[in-house]
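New notebook page. I want to look up a few things here and jot down what turns up.

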Amino acid sequence: MKLSDDIYLTLKWVCLLAIPTVTFITSVSDALNFPYGSQCAAVVSALGVFAGTVIKISTDNYYNSQSDKD
């Protein structure tokens with residue numbers, strides 16, 4: 001699977017910037033006793049793992065296709 005540059009950069013942004021907000025979500029939900037705060041944090045973490053996996057697969061495929069051209 002190869003991703004377009006736009007999709008790749010979006011997923012990379014999500015992994016590097018949006019997913020670390022799990023710490024914020026957890027801290028605020030615990031401090032303010034929000035219902036389902038830990039469940040929301042778990043879902044965001046799982047999405048981060050999935051996005052990271054997709055990025056890794058796409059990156060490996062890209063570099064493999066570049067080495068095939070050499």
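**Surface and salt bridge**

I started with Leu 16, which sits in helix 1 (helices are DSSP runs of H or I, at least four residues, numbered from the N terminus). This is a predicted model, so local features need pLDDT of at least 70 and side-chain atom pairs pLDDT 80 or more, while totals for chains, interfaces and linings use all residues. Numbering runs from 1 along each chain as its sequence is written, and side-chain values use heavy atoms, without hydrogens and water.

Leu 16 is exposed, at 56% relative accessible area (buried is under 20%, exposed over 50%, partly exposed in between, with a 1.4 Å probe and protein chains only). Together with Trp 13 and Leu 17, Leu 16 forms a nonpolar surface patch of about 350 Å² accessible area (residues over 30% relative accessible area with no salt bridge, nonpolar side chains joined within 5 Å; areas by Shrake-Rupley, 1.4 Å probe).

Next I searched the whole structure for salt bridges and got 1 (a Lys or Arg side-chain nitrogen within 4 Å of an Asp or Glu carboxyl oxygen). Asp 60 and Lys 56 make a salt bridge at 3.0 Å, N to O. These two are 4 residues apart in helix 3, so about one helical turn separates them. Asp 60 is partly exposed, at 33%.

Conventions: Patch = residues over 30% accessible without salt bridge, like charges linked within 9 Å, V, L, I, M, F, W, Y side chains within 5 Å.
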